Amino acid sequence: MNTSMKIAGALLAGLIPLAAWAQGGGDAAEIRHGRYLVRTSGCNDCHTPGYMQKDGQVPEAEWLTGDSMGWHGPWGTTYPANLRQLVQQMDEKAWLVRVRQPMRPPMPAPSLRAMSDADLKAIYRYVRSLGPKGQAVPAYVPPGGPVATPYLDLTPKNLPTQVAQ
Ligand code: HEC
């Protein structure tokens, strides 16, 4: 092998991993951004069991696995979905549609809807990168229906009309 071939070989050996790294690096940056958005937008507060109670000290492996603790109010009783399972059931396009559809309280649906496509895709990629985990959460219970799980009661109390009585 002559010198120029050796140099060409060395360059190629160096360049190919570099190209692979650039490709993977782009995805990794997007996943990192998705992780940042999840952490700063409060998704874990509701979608990760115990996250609020433990001041965020929940291993990342458990994040976004959904919570069977209900949120009860005039809208009925809702359960923060298992997002780790949800993202497995849909591609990125379906995710963009789903996250912009109506959702019941206390899901901050208007905030999610206001996110850019790029941010929503980053969240999708991050959640998918965590892999599937956990079970489906209990089904939504309409107002007045029987609630079989523990729940937090967000029923408005002591409203002005009640005070006047
Ligand atoms: C205050 C609690 C709360 C926070 C914070 C929250 N969610 Fe939710 N989320 C819920 C509840 C409750 C539901 C179920 C709503 C329903 O039954 O309509 C839900 C539903 C969803 C759904 C629809 C699930 C499905 O089955 O179609 C998605 C997607 C979702 N949340 C994503 C997020 C993301 C991403 C964040 C952070 C940006 C977030 N949520 C923050 C409580 C919350």
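Strand β1 (residues 70–73) pairs with β2 in the antiparallel sense over three bridges; strands here are DSSP runs of E of at least two residues, helices are runs of H or I of at least four, and both are numbered from the N terminus. Two strands count as paired if DSSP finds at least two bridges between them. One of the bridge partners is T77 in β2, which faces H72. The model is a predicted one, in which local features need pLDDT of at least 70 and side-chain atom pairs count only at pLDDT 80 or more, while totals for chains, interfaces and linings use all residues. Residues are numbered from 1 along each chain as its sequence is written.

Three strands make up an open, mixed sheet in the order β2-β1-β3. Because β2 (76–78) and β3 (151–153) are the edge strands, each with a single partner, one side of each has no neighbour in the sheet.

We turn next to the core. The largest nonpolar core holds 15 residues, and L64, L83, V87, I123, Y124, Y126 and V127 have the most contacts inside it. Such a core is a set of buried Ala, Val, Leu, Ile, Met, Phe, Trp, Tyr and Cys residues joined through C-beta atoms within 7 Å. Two or more residues come from each of α3 (83–89) and α6 (117–130), with α6 giving the most, seven.

The buried residues of α6 include L120, A122, R125 and L130; a residue is buried if 20 or more other C-beta atoms lie within 10 Å of its own, exposed if 12 or fewer, and partly exposed in between, with C-beta atoms placed from the backbone. After α6 comes G131, with a positive phi near 85 degrees.
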